[in-house]
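Subject: Structure handover

Hello,

Here is the structure for you to look over. My notes follow below it.

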Amino acid sequence: MDMTLEVIPLPVSDIDRARDFYRDKVGFHVDIDQEVMPGMRIVQLTPPGSGCSIALGDSIWEMTPGPTPAPGSYRGLQLCVADIKAAHAELTARGLEVSDPVEYAPADGATFMYFTDPDGNGWAVQEYRRRATEPLHKVLGDLAGA
């Protein structure tokens with residue numbers, strides 16, 4: 001059985017503010033912004049080139065068993081880019097407050113920068129230069145065909 005991770009619900013205090021932040025500052029595409037059933041609004045946003053989205057909603061946590069996470073309680077969400085300097089330039093030009101890139105080691109995959117959303121959910125952006133020539137969807141497609 002194949003399974004794909006495609007949507008991550010994200011706890012936020014203000015859906016419109018979060019939608020605008022991820023769309024305007026981070027560059028995510030708004031896939032859905034609607035009331036999907038009476039009393040349940042969903043905003044789904046996808047990073048360019050990603051197969052996984054984030055979902056913001058006012059009733060989304062009622063659908064999942066367990067405790068409701070507090071807005072801003074997520075840490076360690078991660079995006080990958082092929083060129084971190086170019087990504088830093090684009091994100092800062094959009095007005096995002098993002099840290100300068102930090103190279104922890106010279107190996108591919110060891111350079112990161114960080115930002116938080118308006119609620120404090122913490123994100124890392126990892127440079128993975130290999131993705132410039134080997135996009136993840138291609139690598140996974142090749143593996144599936146093998």
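Start at Arg23. Its relative accessible area is 32%, so this residue counts as partly exposed. Please keep in mind that this is a predicted model.

**Salt bridges**

Arg23 pairs with Asp20 in a salt bridge, and their closest N and O atoms are 3.1 Å apart. Both residues sit in helix H1. They are 3 residues apart, about one turn of the helix. Asp20 is also partly exposed, because its relative accessibility is 27%, between the 20% and 50% limits.

Arg19 is a buried residue: its relative accessibility is 15%, and buried means under 20%.

Arg19 in turn bridges to Asp16, with an N to O distance of 3.3 Å. This pair also lies in helix H1, which covers residues 15–26. The spacing is 3 residues, about one turn of the helix. Asp16 has a relative accessible area of 34%, so it is partly exposed.

How far does the network of salt bridges go, and which residues are linked in it? The members are Asp16, Arg19, Asp20, Arg23, Asp24, Asp33 and Arg41. The overall count is 10 salt bridges.

**Nonpolar cores**

Now the packing. The largest nonpolar core holds 23 residues. Those with the most contacts inside it are Leu10, Tyr22, Val26, Phe28, Leu56, Phe115 and Trp123.

Which elements supply at least two residues each? Two helices do: H1 and H2 (84–93). The strands that do so are S3 (40–46), S4 (53–57), S5 (77–81), S7 (111–116) and S8 (122–127). Helix H1 gives the most to this core, with 5 residues.

A separate core of 5 residues lies apart from the largest one. Among its members are Met40, Ile42, Ala55 and Ile60.

Leu10 deserves a look in your viewer. Setting aside neighbours within four places in sequence, Leu10 is in contact with Tyr22, Leu56 and Trp123, among others. Its contacts also include Ile54, Ala55, Trp61, Tyr74 and Leu77. Asp117 and Asn121 are on the list too. Ala55 therefore touches Leu10 while belonging to the separate core, where buried residues are joined through side-chain atoms within 4.5 Å.

Best wishes

Notes. Residues numbered from 1 in each chain as written. Predicted model: local features only at pLDDT ≥ 70, side-chain atom pairs only at ≥ 80, totals over all residues. Heavy atoms only, no water. Salt bridge = Lys/Arg side-chain N within 4 Å of Asp/Glu carboxyl O. Helix = DSSP H or I, 4+ residues; strand = E, 2+ residues; numbered from the N terminus. Buried < 20%, exposed > 50% of the residue type's maximum accessible area, 1.4 Å probe, protein only. Contact = heavy atoms within 4.5 Å.
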